[in-house]
Amino acid sequence: MTTDVTIIGAGLGGLTLARVLHLHGIPATVYEAEPSPTARSQGGLLDIHDYNGQLAIQAADLIDEFGAIVLDGRQAMRILDTDGTVLFDKSDDGTGGRPEVQRGELRQILLDSLPPGTVRWGRKVTRTRALGEGRHEVVFADGRSVVTGLLVGADGAWSRVRPLLTAAEPAYTGRSVVETYLYDAATRHPATAKAVGAGSMMVSARSREIFVHRERDDTLHAYAGLSVPQDWFAAVDFSDPAAAAARIAAEFAGWAPELTALITATDTAPALRSLHALPAGTRWDRVPGVTLLGDAAHLAAPNGEGANLAMLDGAELGRALAARPGDTEAALAAYEQAMFERALEFAETPGSDPGESTVHDLVAAFTRHEQP
């Protein structure tokens, strides 16, 4: 194809697309709002699945680089009761299909695989508009703009590209999480570190949950989930980290102290993350010259699939464009049809919200998963 590809967003999906296009000799430019690749933390651990995320990594020809950043042992999973009793405990024997990596390290191997200058940093999009005949203009906060014959929105939940295709907007799921970190956990918080185990740990009661990853350097990265209206948090003073932690921990009264310490002993200010989702099954009619991938296309409540699907979207879009060098619209139509079906397959279904599950529901689900 002769049309350069303009990608908005240097997340995992956008970078995977750029990498696959590069392998096929198709030029692309990625515009990212962040001022640099190290401007902010890139989040915690991701389990990269053999049925989607790893397929994208293979398409990007980065399987060796990926293997080098896998954290051994982190596929271990525990489920605890609220009193700290271990109800489910599976070790990582190396045969699982969901190896864990740090999101930032995965993003970096994608960045390192691209030609210099592919990503243009500090380009926050303020608006997009159709110019006709499949061409679109993208305007940035610094006053600059670009016109492109193929625009891809890989710009996440609050995409500036999505309105070119659909009026669908994310809505609050009814659940939020408060994010915390405990550093040097084995030394400074041994009881909590022991409770978490070698990999991930989950505890759930109705409308309350705690989920924890053990990251690199003995860091525990936790999310305390609450199924409450979004305005409930207006009464929590997050400008006072100690007071905010105490208020959130009060919602887990009666839970074992080694569990509530994940909130009260945090080494970082508790960070509120309200969870939003697009309507399941969101799709649009084909619009020439523009498409979406990842959360921009199918934002869902966290279910372990988001990053994996974004990467597979990027890989599949890149391969579709490479396979149809003379017909971009046919490539986009084929990509979107498969993407819509894939996104719907992995969308959370009613009743699957962990905030609505008991710890025994979780144990039953994981036990079924482990059966041959």
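Q: How many helices and strands are there in the protein chain?
A: The protein chain has 12 helices and 17 strands, where helices (H or I, at least four residues) and strands (E, at least two) are DSSP runs numbered from the N terminus. This is a predicted model, in which local features need pLDDT of at least 70 and side-chain atom pairs count only at pLDDT 80 or more, whereas totals for chains, interfaces and linings use all residues. Residues are numbered from 1 along each chain as its sequence is written, and side-chain values use heavy atoms, with hydrogens and water left out.

Q: Why is Glu-336 called buried?
A: Buried means under 20% relative accessible area, exposed over 50%, and partly exposed in between (1.4 Å probe, protein chains only). Glu-336 has a relative accessible area of 3%, and is therefore buried. Glu-336 lies in helix H11 (residues 328-346).

Q: What makes the pairing of Glu-336 and Thr-291 a polar contact?
A: A polar contact is a pair of N or O atoms within 3.5 Å; within protein, one must be able to donate a hydrogen and the other to accept it, and residues adjacent in sequence count only if both atoms are side-chain atoms. The side chains of Glu-336 and Thr-291 are joined at 2.7 Å, and this is accordingly a polar contact.

Q: Why is Ala-280 called exposed?
A: Ala-280 has a relative accessible area of 59%, and is therefore exposed. Ala-280 sits in the loop between strand E16 (271-277) and strand E17 (290-292). Leaving aside neighbours within four places in sequence, Ala-280 is in contact (heavy atoms within 4.5 Å) with Leu-344 and Ala-347.

Q: What makes a set of residues a nonpolar core, and which residues have the most contacts inside the largest one?
A: Such a core is a set of buried Ala, Val, Leu, Ile, Met, Phe, Trp, Tyr and Cys residues joined through side-chain atoms within 4.5 Å. The largest has 58 residues, and Val-5, Ile-7, Leu-106 and Leu-317 have the most contacts inside it. A second, separate core of 28 residues includes Ala-195, Val-196, Leu-226 and Phe-252.
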